[in-house]
Each structure stands twice: as structure tokens, then as C-alpha cells.
Amino acid sequence: MRSPHGTMSITTISCLLLVTVLPTTVEAVQSTFNYVPIGQNPTLYTPGFEPIMHLDQMTFNDTVFSDRAFLVEFYADWCGHCRAFAPYFRQFANMVRDWYPVVTVAVINCADSFNQAACRENGVTYFPMMKYFPRTATTATQGKLFETPHSAEQIRDTLLRTVSNEYMFNRYPDWPNLGHIAVDSRTTYGQLWDGVPPKANYMAILFEEYDGVGAQFVMDLISRNHILGARRALSNSPLVQMLNIRNFPTVALFRRDHQQALYMQRYTNQTVKEIDDAITGDMKQGGRQAPILTTTYAPTTTTTQTPLIDCHSYPDRCRDMYYVSETDMLKAMRMALLDEVTRVPGSIRGDNFTNLHEFMTLLSNHFPVLSFQNDIRRMRAKRTTSVILRNSERARLVFTHMREFLEGRKSVGSVSADEYRRQFESVERVYASPFPVNSTWQHCKGSSPQYRGYTCGLWTTFHALTVHTYIDTIKDDFVNPMKPLSTIQGWVKSFFGCEHCRNHFMHMTTTLFPLNERRVRHPHDMMTYLWRAHNIVNNRLHGDTTEDPQFTKMQFPAPFLCPTCHSGGQFSRRQIRNFLLRYYGSIKPHNRLADQRLAL
């Protein structure tokens, strides 16, 4: 049976969905620094070329819940704040690369569908998120949340305090001794070496007035424990008087069979290198082969980037790169409705349930299913110029079914994330999987993998929804122009995973450029409000590290896209409205043949 609108009823669909899908099991393995994670999404870090271990669904538990502490960044490759945070996290990882025997720095890309279960188990509600897992951790709930400041030094210092606290509580015998040396009148020289690996023939002691750089000094020398042990002592230690130390912090170097210091200097950024040189010189003087003390640094790589086109010199070539893609919108909507909504286990309830239902209703009513090839002002007189977007037509049936599914839960006002996910995945199979998850981004493809993608697809869809709502309701005298905008705002507030981006969007639409009836009074205001809001975002992000050099955050549209939109250094509102109707009304259909060629 079919409903009056031509869609299958809930009862009919439910009968078709009585298919048991058996989960597949894979043998878990442990990750390494050279491990390339499973998945289709690009990564923000390069496996094998950085001191960052890559995790995925298959390796997460067996790697993290082993015999080492871990600091894990949960990120999404499409997240602008994750992209901006990546250089600081990379710098931090290089700072602590020698701490590897104690704590490992790792990442997992939660935007990749392969990793969704691991990210849900870890309660990842925003990006980027960092969690510290102590050595004794056996479950995700034992991870401790870390802040994500744009400072490698702050992350290092927070990690150092956390590792030090864990050591003081557990006193692991195979971790370096992070406590201060206790010395009295009965302490022998040999007892000073307690805790130093027996194979180490040298020991460096850092003397400090307070609980300062000593712990970092010890951690930085872990990689040299085959030849050198490191300890720390307070300024009131009897050793200070014995060595006549008057300035702090100071480092003294000893050999196991020699009680006099081989080296004693104030601690600086060059101290570790000076210790290496002192050990090398001492061993050469004694006729012994000098050891390799320094860490070998892996080469850095650069991401291949397509040649850039100068839009001022070649406006026609740039104009061809700007269009609305059905593929981009469908990919973005599946991520928005499935990956984002079900990221956190448990129930979708309260405002989140309401916002999800409202957004699904907007999609079921106004997601574009037609592409108009001519000027929108002549569209109603020339229907034959429209092209049916076949995948979007089926996608709207999915949206309609999911809206009815949510309406069936309105009496309780909630639905479990697992039930919602199962329903969505089942319904999309019934309608022949209209979302091209394996297709590449089209207009939203960046000049290199770390740019654009999902967020571009989101903005494109939001604009298209306002334009097509306007088109669909142009003869409606009682349309509420605020409704589609507040619905989009509600989805962002409840589900958009980039916390930093979400906060900026909410601040803009509530404080900086408030979404209210004063600004949105007429039907066409639903289009122009979002256009102005997006240009505010473009202005804020122009010059940011996340900006694609080919698709700069210009004030949209640029003159090469709409010369008539610009007049005397200002935008012409009337011309902007006409442009938005033309641009978002003409949608490039999904190329199913291209997908088939990719599959071959």
C-alpha cells in the first residue's frame, strides 16, 4: 500500500525491514606508529611520519587498554577547529616524542564511519576531544578529559602533571622515578643510583627549588635509559651543599664508578645536548665506543595540492568551479542525520528530539528534487526546463519516512540513538541507498584533502533549503520566513559536532547578527539572512589556517560569479536575491555512472 502522497506507509516499510543483519567480527590488533588506519576519510596527521599513533575501530581497545598510558585526540577530518588545532597537537607530539615508553600520543578520526562505535563508546560529543587513559585503564569510562588549547606547551604541561600524579599513586617500577631523591647522612653514593636501570652507566640529577622542570627533565631523557638515568632533587638536599650548588635549576652528571661530577651547569634548553656531548666525550676518553643518544627524527611530508587558479586573471575558469552539487548535499545530509545525530549513545530527547523532528520535516518538505536550468523568474512559465534529481527524490522519501517515524515517538518525546540508526539504515536500503557515500566531493572538494568537504556540503544544503522553501511557498500568503532558519539553527545547536564552530554559529545567530523578526520579515529574507550570516563567517575565517587557498573566504558572490551584484563597493540586495535563486536553483545532478566507474 502507498500513502496518498505516493510514499510507502510505516506498516509496509516495517514489513520490508524484517531482515536480520548479522554483525561481522574482525580480529583485533594493536596499532603501531607506522599503522595506517582503516577507513575512507582523509586523516589530519600522516601515519609513519609523525610521533602520533593512528587508531581505528579494529585497534582501539587492544592498543589503548594495554600496558601503557595514552593521550588520544578524537577528531573529525571535516571539523574546522580540528584542522586549526592540528598544528599545535603535532608540535606537542614532537615535544613529548621521547616519552613514548610511558605515554603514547594517538589519534582517531571519528568522522570515518568505520570508527563510529569506538567514538560512541568514548562519549565523543564534540570535536576535537582529548582523553587521557591511565596505564591501568580497561574501559573507555576511565579516560580523563583534557582541554584542547592552541598551545603545545600547555598540553605538554597538563600531560606531565597527569603522568606525575599517576606515578606518585602507583609507583610503577618500570617507569622512571619522578620523585625527588631522599638523602640523609647515611646515604651512600651507590644508593643514589636506586631506580636507575642497571645497564645505565651515567646519571643526571636536576636540582630545583620547587616542583618545577624536574619531572619534564626526567621524562625527556627516557629514550636514553640504556645509557643514562635521570633523577631530581630539591634545593634543600644535602647534595646541594656537597656540590656547592648556588643557582637553580642546575644539572649534575655522574658516572657509576666515579663520584665526582663530570658536568654541572645551570639547566637550559641546551642541557640535554650538553649532557649527550659530555657522555660521548667521557666514553671516548676512556677508550669506549660512544653510544647513540639522540632520537632519530622522521622526515616530514607535504600534502600534494592541485595547482591553484588565479581567479582575477582567469575568472571564467574559476566560475566553472562554483556550482551546487546534488552529490555534495546528499553526502552532507547523511552525515548530518546519521553520523552526527547518533554520535552519542543513549536517547535523543527533549530539545534535541524536537530539533531533529523539525529538521527532518524541513528536509521532507523542501529538500531540492528539481534543478531549474533557466532564470528562476521564468521558471513557473517553463516547467519543461526543470530536471528531476533522482537520488534526491528518493532521499526525500527517506526523510518523509523518518519524519513519520519520529512523529510516532512524539508521545514519549524520545528515541534511542541505536533504534534511530537502525531505522535510518534500513529505510535507506529500501529506497535503494540514495546517499552516495562512496562518491568524492564535487564542488566541495578541497584543493587538498584537509580542506572543505562536509562543512561546505552543510552550508550548501542550508542555503538550498532556504531558496527552495521560498520557491515552494512563493504563493503562500501565510508562510513563516523564520521557520526554516530557526530549524537549521536548532539542528546546529543540538548536533553539529565541531564545538568551536557550533559556539561561533550560535553566538552569531543570537548575539552578533540575531535571528529575529526584525531581520526576517518577508519571505525572501529567509534567503538573504543566511547569505549575510555566511559572509560574516567568511569574514571571520578569512586568512585562517583552515582556509582553502583556492576557495578563499571571500564575500560571496565574488564579481566573477555575479558582476551585477556589486555596485559602488556594495552588494545590490535585489541582484543578490536573483543570484541566490539562480545559483541554488540550478543543481548539478549526481553522476551515477561516475560511481559505477569508481566501483570498477
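Predicted model: local features only at pLDDT ≥ 70, side-chain atom pairs only at ≥ 80, totals over all residues.
1. **Cavities.** The model holds 3 cavities of 30 Å³ or more. The largest cavity has about 130 Å³ of space.

2. **What lines the largest cavity.** A total of 13 residues form the lining, and those nearest the centre are Cys110, Phe127, Asp339, Glu340 and Arg343. If you sort the lining by class, you get 6 nonpolar, 5 charged and 2 polar residues.

3. **Where the largest cavity sits.** Which domains give residues to its lining? They are domain 1 (53–170) and domain 3 (315–592), and because both contribute, the largest cavity lies between them.

4. **Geometry of the H15 and H16 pair.** Next, a helix crossing to bring up on your screen. Helix H15 covers residues 482–495 and helix H16 covers residues 499–512; their axes come within 9 Å and cross at roughly 145°. As for handedness, the crossing of H15 and H16 is left-handed.

5. **Contacts of the H15 and H16 pair.** From H15, the residues involved are Gln489, Val492 and Lys493, and they meet Arg502, Phe505, Met506, Thr509 and Thr510 of H16. By class, this contact is made up of 3 nonpolar, 3 polar and 2 charged residues.

6. **The loop between H7 and E8.** Asn244 lies in the loop between H7 and E8, and its phi is near 60°, a positive value in a residue other than glycine. Pro249 is also in the loop that runs between helix H7 (238–243) and strand E8 (250–255). The peptide bond joining Phe248 and Pro249 is cis, with omega about -5°.

7. **A cis bond at Pro557.** Where does Pro557 lie? This proline is found in the loop between helix H17 (525–541) and strand E15 (566–567). The peptide bond that leads from Phe556 to Pro557 is cis, and its omega is near 0°.

How values were computed. Residues numbered from 1 in each chain as written. Heavy atoms only, no water. 1 Å grid on protein atoms, 1.4 Å probe; cavity = no way out; pocket = protein on both sides within 12 Å on 5 of 7 lines; lining within 4 Å. Points joined across faces, edges and corners; volume = space filled by probe spheres on them. Nonpolar A, V, L, I, M, F, W, Y, C, P; charged D, E, K, R; others polar. Domains from an automatic or database assignment. Axes fitted to C-alpha atoms, helices over the stretch in contact; angles between N-to-C directions. Helix = DSSP H or I, 4+ residues; strand = E, 2+ residues; numbered from the N terminus. Left-handed = near helix turned anticlockwise from the far one by under 90°. Contact = heavy atoms within 4.5 Å.
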